[in-house]
Amino acid sequence: MIGKIAKVTGSLILGGFVFITYEVLSLKKLLQIDTQALHQEKLKSYIYVHTASLNQSEYQGIIYQARKEIHKVVRKILETEAKFFRRPFKEQFSTFDGEDHECALWLLLKRTQSEDKEVRLQAVQDLASNSHWHGYQYGTVAQTCDQRTAIGLARSKDINLRFFLPPPPLPKIKNDYTIEDELRLLLVSLPQTYLDPCVQHFTSLALRESSQILAAQRGGLWCFGGNGLPYCETLSKIPSETVELFCLQALVQHSKVSSHCDKIEAKGGLQLLQRIYQLRKDSAKIQRNIIRIIGNMALDERLHASIVRAGWISVLAEVMKSPHVIQSSHAARALANLDRDTVKEKYLDGVYVLHPQYRSSQPIRADILFVHGLLGAAFKTWRQQDIDRHLDKKASEGQEEYSQCWPKTWLASDCPALRVISVEYDTDLSDWKAKCPVEAHRKSIAYRSNELLDKLRAAGIGDRPLVWVSHSMGGLLVKKMLVDASKNPEMEKMVNNTRGIIFYSVPHHGSQLAEYSMNARYLLFPSAEVKELSKDSPALKELNDDFLSLAKDKKFSVLSFAETLPTHISSMIKLHIVPLESAKLGIGDLIPVDVNHLNICKPKKKDAFLYQHTLKFIQDVLAQELGD
């Protein structure tokens, strides 16, 4: 009896040993790299991939499951052995007879997929920083790296664009269809009921639903008052680029709604936008709107794979290198929303990171937030003061490169440990030119405060020490946001982490612009935001009193600058928009500067008093954070 058992057991052990040996040898063969294919790669731009069987029966049954388990065990043994003897774990079970740099590339690619985040990030950094790869190796990475790695490479400074595949070929459009037709079909397919008034407004314009369309098609004017497509020189045909731009502005509004983003993706919107982007290389405005839409869609992680498949990573990586700060910052926002490996914050529409725009090992110790004023913008408000180089040739000679946005260039260079953010919102002097003519309350400081607070909270504002920098009406908005945040327990840390506030010509007690606009109201139709700036307005007084009480209680550091020169608001009218007495807050230092309202936040150069004093204030209030 014992003899029989021994024979059976011996047979099983022997058979198992033979089976395991066979599987290990099979695994060796599977993992051995074909050096002939590597040689061919040097001559071509693609790699060789073994064809997988489509026969489902090969992936079922006891043998297949046994193979999987044995492979796991063998791999685990080798990993344990490597750790025990403190030597690198070799992924290959056979010797690698390629060149050293071939092995390094494949090991880095493998590490980019590691479950260990630190290993993963370091591998991406090593891939990006090595400038000695051969051309075919860039192609190898482009075709083998996963989505997460591609995004990480795109957010690496000075990245070689050969790491990315070009956008895939796009399906042909039907002969009787134009790009405008495709855009309109996409807009029509999106939900049209229960829409935000702005979305309704832009959609109706883009779909030509007004009676003015017929007039334009018949050779008449398109519209008056600034609420439709501009007047056309030919009076017979609306330029296709103009129609596309209006359709894209409508899509921007739709892309702010998460459920609408799903529809845009399902209807092939990402591919259509790619086609327009490639066709309109000469239109920065069209390309900027498209990337803005991609940035909004990237807020939804479920759409990331679709965005990558549509070829947007290579496009965004290229735009990041643009010398134009507006273009590069839109691309940086989109990539930051895609990069969930290193960015925990989400940047909603109108919130832009000026620094750091790339992945960096530099720890972020504090935030600087820039808020523009009337007719301002996230970038142009904060540019270097314009210089007439024809009138002032000596001043322009030997001067450093002109800064399109000094917070992005000068401040980021002087304080690299800061995260610099700029926000953007629509403002108008007159309702004639309102981009979105909706209810007046939506343009009020109170409404905008709530809207911006939600966006800033998503961007992680309040998680670190914070300095606010504001110009004109933006300063009133900053005060309102801080007062509102102090009443909301969920946003209280935004107040508690505020270290200082800079006000550039902020009308704490009203502006003469409001008085002028009201006197000319039959011509200008002053907007809601201008009406709120009326001198000695009860609402402004209440806001100022509430803010002063909060600032004194929290011991905010405050620095104010005031203009002393009038501003040309037309060819014949000069106005002192914010007089010295209105810029006087009641706490902190007030410094008069011999500039007008527009240039109070635009230093002439980096060593100018205006910038240097601003920099010193930031460094002083954040001395503890920037001390290292």
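1. A residue is called buried when its relative accessible area is under 20%, exposed when over 50%, and partly exposed in between (1.4 Å probe, protein chains only). The model is predicted: local features need pLDDT of at least 70, side-chain atom pairs count only at pLDDT 80 or more, and totals for chains, interfaces and linings use all residues. Residues are numbered from 1 along each chain as its sequence is written, and side-chain values use heavy atoms, with hydrogens and water left out.

2. E625 takes part in a salt bridge with R499, at 3.7 Å from N to O; the term denotes a side-chain nitrogen of Lys or Arg within 4 Å of a carboxyl oxygen of Asp or Glu. Since R499 belongs to strand β5 and E625 to helix α29 (residues 623-626), the pair ties together parts that are 126 residues apart in sequence. R499 is partly exposed, at 26% relative accessible area. Helices (H or I, at least four residues) and strands (E, at least two) are DSSP runs, numbered from the N terminus.

3. The structure holds 19 salt bridges. Among them, K480 and D484 meet at 3.4 Å, N to O; both residues lie in helix α21, 4 residues apart, about one turn of the helix. K480 is partly exposed at 22%, whereas D484 is buried at 16%. A further pair, K541 and D545, meets at 3.2 Å, N to O, and both of its members lie in helix α26 (residues 538-554), again 4 residues apart. K541 is exposed at 54%, and D545 is partly exposed at 38%. Salt bridges that share partners also join E345, D367, R419 and R464 into one network.

4. An open sheet of 7 strands has the order β1-β3-β2-β4-β5-β6-β9, with mixed pairing; two strands pair if DSSP finds at least two bridges between them. At the edges stand β1 (351-355) and β9, each with a single partner strand, so one side of each is left without a neighbour in the sheet. The twist averages 20° from one strand to the next. Helix α19 (residues 406-414) packs on the sheet and touches β1, β2 (366-371), β3 (418-423) and β5, its direction making about 155° with that of β2. Helix α21 (residues 473-486) also packs on the sheet, touching β2, β4 (466-471) and β5, and makes about 145° with the direction of β4. Contact means heavy atoms within 4.5 Å; axes are lines fitted to C-alpha atoms, for helices over the stretch in contact, and angles run from 0 to 180 degrees between N-to-C directions.

5. Within this sheet, strand β6 (residues 557-563) has 6 of its 7 residues buried, so it is largely enclosed by the rest of the structure. Strand β5 (residues 498-504) runs parallel to β6 and is joined to it by 5 bridges, with F503 opposite S560. Strand β9 (residues 589-593) is likewise parallel to β6 over 5 bridges, and D589 is the bridge partner of L559.

6. Helix α13 (residues 269-279) is mostly covered, with 8 of its 11 residues buried. Its buried residues, including L270 and Y277, pack against α8 (179-189), α11 (240-254), α12 (258-266), α14, α15 (304-309) and α16 (312-319).

7. The structure holds 0 disulfides, a disulfide being a pair of cysteine sulfur atoms within 2.5 Å. C247 is buried at 0%, and C405 is buried at 1%.
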